[in-house]
Amino acid sequence: MDISQVLKAMSHPIRLQMVELLLQKRMCVRSLARYFEVSEPTISIHLKMLKNSGLIVGEKRGYYMHYRVIRENVAKLSQFFAILADTPALEPQCCKKSGSCHCKCHSKKD
């Protein structure tokens, strides 16, 4: 699972809401289109992005494809952010001593 692809897929408000909804229950394109009040082709495009990112999977049930969230991948995403949040901050290192500071951390007088 590529974290950057997942974040890109979840960056659209409808896709983010779709993930939240699909965590609660499996739904088909028609049901999602009615829920979000958009066309079925629009929902299909959103589902394709979520599927390509590894967040959801479709399962054929009779004539319809029902989608669900792959919870293991949501857990991996959660772990990624937990590790990121626990990353210790480093002390800033400034190049002022070398006389070539470009970091805008000093006023022009320095």
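## Salt bridges

Arg 26 and Glu 59 join their side chains in a salt bridge at 2.1 Å, N to O (a side-chain nitrogen of Lys or Arg within 4 Å of a carboxyl oxygen of Asp or Glu). Arg 26 sits in the loop between α2 and β1 (27–28) and Glu 59 in strand β2 (residues 56–61), 33 residues apart; helices (H or I, at least four residues) and strands (E, at least two) are DSSP runs numbered from the N terminus. The model is predicted: local features need pLDDT of at least 70, side-chain atom pairs count only at pLDDT 80 or more, and totals for chains, interfaces and linings use all residues. Residues are numbered from 1 along each chain as its sequence is written, and side-chain values use heavy atoms, without hydrogens and water.

Glu 59 also forms a salt bridge with Arg 68, with the closest N and O atoms 2.7 Å apart, and Arg 26, Glu 59 and Arg 68 are linked in a network. Arg 26 is partly exposed at 36% relative accessible area (buried is under 20%, exposed over 50%, partly exposed in between; 1.4 Å probe, protein chains only). Glu 59 at 24% and Arg 68 at 25% are partly exposed as well.

The structure holds three salt bridges. One of them pairs Arg 30 with Glu 40 at 3.2 Å between the closest N and O atoms. Arg 30 lies in helix α3 and Glu 40 in helix α4 (residues 40–53), so this pair ties together parts ten residues apart in sequence.

## Position of Leu 84

Leu 84 is located in helix α5. Leu 84 is partly exposed, with 47% relative accessibility.
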